[in-house]
Amino acid sequence: MRTLLLGAAAIALSGCSWLGGSNHHSSSTYNGYNQGYYSGQHTTKHKQDPCCVGGKRLARWNLEGAIGPEFIVGGDIITGDEINAIPGVTSENVSFDTGYEDGMRYELGGSYALNPNRKVTLMGNYAKAEGNDVILGSINDRNVTGQLSDYERYGVEVGLRQYFTPTSAPVFGSVRPYVEGRVGAAHVDDIALENATYRNNPYNGGNVNLYEGGWVPTGAGLVGVEAPVFNRATLGLETGVRYTGLLKTDTSDLTTSVPLAGSNNGSASWTVPVMLRGRYRF
């Protein structure tokens, strides 16, 4: 089931930024995706005004929003293989996938059409995943356990989206595939081991700080398809691979001289979003 979800895509209101027109494909393949002058389908007389095609003006500005699950596929939150070599102290790596439930991602922003086949996007985002119970490590054969605090981040990304030729499809009449690359930054909140316990007693007062909150780089490679649903709106299904940069180690509790120091040298994380995306064209 997880594999099926990861192969799916998310929804986008995008598309060829204008609908309708007098140059419809006879089988409705291009309904809502009239390419016009920009793909050479119109005659020479329409090339006199580069902003318009057959009397239809390119809608440059678009409002977009998206929502969907974000599946964790890579990275370590606990690095047991990097702890100090202290007799009686052991630890094992814990992946983000084990330490956290798959989360939800939300996006809101806009895009600007450079031409009917290419758009620049600017999207704000928020994501959250709930922490699981984990073992930080073992001291004299007794585990230090606790629950990871929730993973929360918010950020902004700029991207470039490239569309391809629409193809016929049931229900919608046509769908249009696209690819998009994004770069940006996100702020990740502090991460701690809560309700920390050792020998059935609170460990370090019941809380162990693991990572400091701060800004990290982000990036994504996305693929999707979209379809026109109303006069100025499209829906899309989108997926891909998303990167979130390295977290900053918090050494306030796990100083270099204490057991399990080094277990919080976590890596960057990798996720696969599956987004339902919508766009409205002005």
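## Aromatic pairs and a charge over a ring

A search of the whole structure, a predicted model, finds 10 aromatic pairs, a pair being two rings of Phe, Tyr or Trp (its six-membered ring) with centres within 6.5 Å. One aromatic cluster is formed by Phe96, Tyr100 and Tyr151.

Arginine 161 lies over the face of tyrosine 178, at 5.0 Å from the ring centre; a charge counts as over a ring if NZ of Lys or CZ of Arg is within 6 Å of the centre and within 35 degrees of the ring normal.

Strands are DSSP runs of E, at least two residues, numbered from the N terminus.

Strand 20 runs antiparallel to strand 3 (residues 61-74), joined by 10 bridges, and leucine 63 stands opposite tyrosine 280. Strand 18 (residues 233-244) is also antiparallel to strand 20, with 10 bridges; here threonine 244 stands opposite serine 269.

Contacts of isoleucine 77 (heavy atoms within 4.5 Å) include Phe96, Tyr100, Leu148 and Ile191, residues up to four places away in sequence not being counted.

## Basis

Residues are numbered from 1 along each chain as its sequence is written, and side-chain values use heavy atoms, without hydrogens or water. In this predicted model, local features need pLDDT of at least 70 and side-chain atom pairs count only at pLDDT 80 or more, whereas totals for chains, interfaces and linings use all residues.

Key: Rings of Phe, Tyr and Trp (its six-membered ring) pair if their centres lie within 6.5 Å; planes under 30 degrees apart count as stacked, over 60 as edge-to-face and the rest as tilted. Two strands pair if DSSP finds at least two bridges between them. Helices (H or I, at least four residues) and strands (E, at least two) are DSSP runs, numbered from the N terminus.
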